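Let's take a walk through this structure together, looking at charged pairs and at strands. Keep the viewer open as you read.

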Amino acid sequence: MRRKTIFAGLIVLSAFSLSYSQSKHWQNNERELHYKEDKGDFLLVNGKYRFNRALYGDNRASRVEAGDLPEFALYLPGMGGNLQFVIQKGNSIKKLIQADKIETRYRPGSMLYEIKDPVLGNGTLKLTVLAQAKEEGLVLKMETVNIDSSTKIYAVYGGASGTTFSRNGDIGADPESGFYLLPEYCLNNQFQALKNQFQLNYLNKKKETQMVNGNFSNVPFLQMTDAETLENLPAFTQNKIDKSPIVYASYSSQKQPIYIQISKGKSTKNFSDEELKNIFNEAEKSRLTLTTRIQLKTPDADLNNFGANLAVAADGIWESPTFLHGAVAWRMRLNAWRGAYTADALSWHDRAKEHFESYANSQVLKPDFAPVEMDTMRHLARHEEKMGTSVFSSGYISRNPNDNTKPHHYDMNLVFFDQMFSHFNYTGDKEFLKKMWPTMVRHMDWEKRNFKRGDLYDAYAAIWASDALQYSGGKVTHTSAYNYRANREMAKLAKIIGENPQPYEQEAESILKAMKNQLWIKDKGYFAEYKDALGNQIVHDKPGIWSIYHVSDAFILNEFEDYQNLQYINNHTPKIPVTVKGEKDKNYYTLSTTNWQPYDWSINNVALAENLQTALAYWQAGRTEDAYQLWKGNLVESMYYGISPGNFEQLSHYDAFRGELYRDFADPIGVASRTLTEGLFGVYPNLLENKISIKPGFPKDWNSAELKLPDWEYQFTRTSKKTEYLFKSKYQNSISLEMQVPVNYSNIKSVKVNGKNVGWKIKPNSILQPFVQFETPKGKDFKIEINYSGEELKNEQTDYINYISENLQLNFDSKKKIKEVYDPQRLIKIRNGNQFNLVQEERKGTFFVQVEENKTTWWQPVNIDIRFPLETKWVNKKIQIQSKSSNPINGKLTVNGLNKTFTIQKNQNTSIEIPSNYLSKGTNSIELDYNGIKQNIEITDWDIENQGQFNNISLASKYNEKVTEIFNQKYLSPTNR
C-alpha cells in the first residue's frame with residue numbers, strides 16, 4: 001500500500017573513501033610555502049598577491065587592504081581608492097610592486113616592506129602601513145635609506161569606484177582586480193588639491209556623493225595625471241588628464257620619514273608634517289595596546305605571534321553593540337554563531353555584556369504560542385519567515401540587536417544562550433544573571449515548544465554547518481547536547497538566584513538518558529548523527545564532527561565514553577595531509593567535517609572552526625597530543641600557508657567545494673580563543689563559585705609556556721622531576737584553583753601550593769596517563785610545585801592492527817602490571833594474561849586495560865583495527881592475494897559458480913585468474929573461504945563483456961520509500977521546522 005506521507009531525511013550519509021573525498025584542485029599540485037615566522041612576524045620575500053591582508057582600525061566597517069606587494073586600497077565600505085608607488089631613475093621607470101626584491105612582514109595589525117631595486121641604487125625603501133586609530137583610513141610611513149638622490153618616488157592615489165563587491169572584496173569570492181587603480185574606476189572622480197592636501201568626491205553604488213581626503217608630508221604641492229599613464233609609465237609625469245584623474249606626490253631621498261594619511265570624509269584641516277607623524281604614532285600605539293593584550297610565549301616559534309594575531313582578529317569582528325559574522329565577508333550582525341565566545345575567553349567582558357544585552361532586547365515577547373506555517377515557496381523545507389508564527393514567537397531572538405521585529409531562517413538561540421551561560425561562569429555577574437533570567441526562561445520554553453521530539457531535540461539550522469542539513473523531525477545529537485547543557489546550566493543558575501531548578505534538572509536528566517538509550521551506539525562507542533522520526537526510524541551511524549565535539553563540549557560522557565566517541569574521528573573521518581614544498585613534513589593534517597556524499601556546501605567542508613573545535617574536544621577529553629597536532633596543523637595551514645598572513649579563514653585551501661575562502665571569519669576566531677585559554681592552557685573559570693578549573697593541555701615535549709591576559713597570568717615550567725605553575729588572578733574576589741595535572745613519573749613526592757603541602761589524589765579514571773587532582777586554598781597569587789620521584793613513565797603503543805584468527809599481544813613495559821580490562825564494545829572473546837583473542841569480524845574499536853606502575857594506576861586505551869588477513873587487488877583479469885597472516889593459508893575462491901582452491905604461505909602472495917565468462921560487467925562479489933574464515937570481497941571491472949547474471953538487491957531496509965515514488969507524494973508531516 002502506498003504511503004501517504006514521506007519522510008525526507010538526511011540522505012547524504014553514504015561514506016566514501018579518503019582517496020576520492022578531496023578536492024581535485026589541490027591534489028597532485030605541490031603547495032608552495034607562503035609566509036614563515038621571523039622574530040614574531042609573518043615574513044615573505046617576493047610574494048605575488050595584492051590586497052590579501054586586511055588591516056582594521058576603529059571598529060567600523062572600513063578597512064585598509066594591504067598584501068604581499070606594496071599597493072594599498074581603502075574599503076569605506078565600497079572601494080575608496082588605491083595608493084601605490086612608482087619609482088624612476090633617468091629613463092628607467094617602474095611600479096614599486098615590480099621591484100626586484102620585496103621583503104614583506106605582517107606584524108599583527110600592520111604591514112611592513114623593505115624594497116630593493118636598481119632604480120633605488122644601493123639603498124632601501126621602507127614602508128609601514130596602518131589603519132588609523134580615530135578615522136576610517138590609512139596612514140603610511142615611508143623611509144628612504146641610502147637611496148640615490150637622483151631617484152624619484154611617486155606616491156599615487158585614485159580609483160575610488162565606490163564598488164561594494166559580492167562579499168566585500170574578500171578572497172575566494174571577489175577578484176583582486178576590484179582594488180586595482182584602473183582608468184574605469186577613476187571615472188566621476190573629482191579632485192580638489194591645495195598644496196599637499198587633496199579632497200576627492202566620488203559616487204557610491206547608490207549614486208550618492210562620497211568624500212575622501214588625503215595629506216602628504218615633506219612635499220610642497222601635489223600633481224595630477226591620468227590613470228591611463230600607469231600602463232604607459234614614460235607618459236606618467238607629463239600630467240595630461242583625460243577622463244581618469246589621479247593625484248600624486250613626488251619625492252626624492254629624504255633624511256626624515258615621509259607620512260601619508262588618507263581617510264574617509266571631508267577634510268577639516270591641512271595637517272602639518274608633525275601632525276601627520278602623530279597620526280601614525282597614534283595608530284601604532286593603538287596597535288600595540290591591542291596586540292599586547294594577549295601575550296603568549298611557548299617553545300614553538302610559530303605560535304608566539306598567535307596571541308597578538310588573535311587579538312587583532314577578535315577586535316576586527318567587534319562593532320558596538322555586537323560581534324559580527326566576519327571581519328570582511330559576512331560583516332553583518334547575527335546573534336550567533338561562535339564569534340562571541342572570543343569576548344569572555346579573551347577578557348572582553350564588557351563587550352560580551354553589551355552583545356548579550358542588545359540581543360536580549362531583540363527577543364520576541366508575543367505570542368506565547370503560534371501555528372506552524374511551512375514555506376510553500378521552498379517546498380516546505382523550512383518555516384515561513386513571518387513574525388507571529390511558531391518559530392518566530394515568544395523566545396525567538398531576532399538577527400539585529402535592539403530590534404525584535406525581524407525573522408531569520410536560523411535557530412541561533414542555542415549558540416547565543418550557550419555563550420551567555422559561559423559568560424556567567426567567566427564573570428560571576430549575579431546581577432546581570434538576574435536581569436537575563438526571564439530572557440533565558442523564554443528561550444528554554446521556545447526551544448521545547450518548537451523542537452522537542454519525545455525526550456530529544458530536532459535540529460533546525462542550529463549550527464554554522466547547518467545550511468544543507470535536514471533532519472525532518474528526527475532526534476539529533478548536536479542539538480540534544482546543546483539543550484542538555486542549557487538545562488543543566490539553568491538548574492545551576494536557578495539555585496544561585498533563588499529560582500526553581502527542578503524542571504531543568506528533570507529535563508537535563510531526561511535528555512541524557514534518551515541520548516544514551518537512543519543515539520549512543522554501544523558496540524561502536526560513539527553517538528549517531530540522528531534517528532529518523534518516521535519510516536524505519538533508522539539510526540544514522542556516520543556522524544559529522546559537530547556531533548562528536550558538541551557532546552564533548554556539553555560534558556555528557558564519562559572518561560571512557562568520551563575517549564571512544566572521539567575515536568570515531570580517528571577511525572572514520574577523512575584526514576588530509578597539510579604539507580608545503582621545501583618544508584619538513586611534521587605530520588600536520590586537517591579534517592573534513594564528514595565522510596558524506598554529495599560533496600556540497602555545509603555537507604562536507606574543510607573548515608578551520610570545525611577543526612579547532614575538534615581539537616578543543618580532544619583537550620576536553622585529556623588527549624593532549626591529538627589535540628595539539630590537529631590544532632597546530634590547522635593554525636599553520638591558515639596563518640602561514642594560506643593566502644592571507646595571520647588569517648583565520650572560513651574554509652581551507654583543501655576544501656573541495658570552494659577552496660580557501662574569507663579572512664578573519666568570526667567562527668574560527670571565537671573557537672581559536674577558546675582553544676588557547678580552555679584548551680592549551682586548560683583554564684575554565686567558574687566565578688559563580690569563585691573557582692577556576694585548570695587542566696593543562698601542553699604537549700609532552702614542552703617544558704615552558706606563558707600566557708598573560710587582562711584577567712589572569714599563567715606560567716608553566718618543567719625541569720627534571722619538578723613541574724611548576726604560577727597563576728596570578730586579577731579578579732576582584734579571591735578564588736581557589738581546581739587542578740588536574742598530567743603525571744609523567746611513577747611517583748609523586750609532594751604537591752605544594754605557596755610552599756605548603758596540600759592533599760592530592762590520582763584521578764580514578766585517568767586515561768592515557770595518570771592525572772593528579774587537588775584544590776588550592778583561596779587566594780589571588782599561586783605558586784604550585786609538583787615534585788616527582790621514580791622513573792619517567794614511558795608512552796605505550798595505543799593503535800594496533802589485528803588479523804582475524806590471530807591473537808593480539810600487548811607488550812607493555814615490564815614495570816607495568818595489567819590489573820583490569822574494560823571492554824565496552826565487546827571486542828574480546830578470550831583473554832589470557834596479556835594475550836587477547838578478538839571477535840572475528842572486520843571492524844575498528846577500543847578497549848581499555850588498567851595498568852599499575854609503582855602503585856600508580858591509570859587506564860591504557862587499546863585501539864584495534866581488526867582486518868582480514870588477506871588483501872586483494874584486481875589486476876589484468878587476475879585477482880592478486882597478499883597474505884598478512886603469520887600462518888599458512890589453505891582456501892577456496894567462489895564466484896558465480898566458479899570454485900578454485902589456493903594455498904599461500906605466511907606473508908606471501910599469489911594470483912588467481914578468473915575466466916571472464918564467470919564475471920559480469922561492473923561489480924562482482926567473491927567469497928574467500930580459508931582457515932575457518934569467510935571473507936567477501938568485490939572487484940569492479942567495466943571492460944568485461946556482460947555475460948553474467950544479475951541479482952536484485954533489496955534496499956528496503958535502507959530507505960523509507962521507493963525512489964520512483966518520492967516526488968509523487970506530498971510532504972505533510974511531521975509539521976515541524
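A residue is called buried when its relative accessible area is under 20%, exposed when it is over 50%, and partly exposed in between, using a 1.4 Å probe and protein chains only. This is a predicted model, in which local features need pLDDT of at least 70 and side-chain atom pairs count only at pLDDT 80 or more, while totals for chains, interfaces and linings use all residues. Residues are numbered from 1 along each chain as its sequence is written, and side-chain values use heavy atoms, with hydrogens and water left out.

Start with lysine 632, which counts as buried because its relative accessibility is 3%. What does aspartate 300 form with lysine 632? The two form a salt bridge, their closest N and O atoms being 2.6 Å apart; the term means a side-chain nitrogen of Lys or Arg within 4 Å of a carboxyl oxygen of Asp or Glu. This pair links distant parts of the chain, 332 residues apart: aspartate 300 sits in the loop between β19 (295-297) and α2 (306-316), and lysine 632 in helix α12 (residues 624-641). Helices (H or I, at least four residues) and strands (E, at least two) are DSSP runs, numbered from the N terminus. Aspartate 300 is buried too, at 13% relative accessible area.

Across the whole structure, a search finds 63 salt bridges. Another of them joins arginine 674 to glutamate 678, at 2.9 Å from N to O. Both residues lie in helix α13 (residues 666-680), four residues apart, or about one turn of the helix, and both are buried. Elsewhere, salt bridges link Asp38, Asp41, Glu103, Arg105 and Arg107 in a network.

Now for the strands, where two count as paired if DSSP finds at least two bridges between them. Four bridges join strand β45 (residues 828-832) to β46, and the two run antiparallel. They form a hairpin with two residues between them, and glycine 833 in the turn has a positive phi of about 65°. Arginine 831 stands opposite phenylalanine 836 in β46. On β46 (residues 835-838), two bridges also connect to strand β43 (residues 808-809), again antiparallel.

Finally, look at an open, antiparallel sheet of three strands in the order β49-β50-β53. β49 (870-875) and β53 (909-913) are at the edges with a single partner strand each, so one side of each has no neighbour in the sheet. Six bridges join β49 to β50 (residues 878-883), and valine 875 stands opposite lysine 878 in β50.
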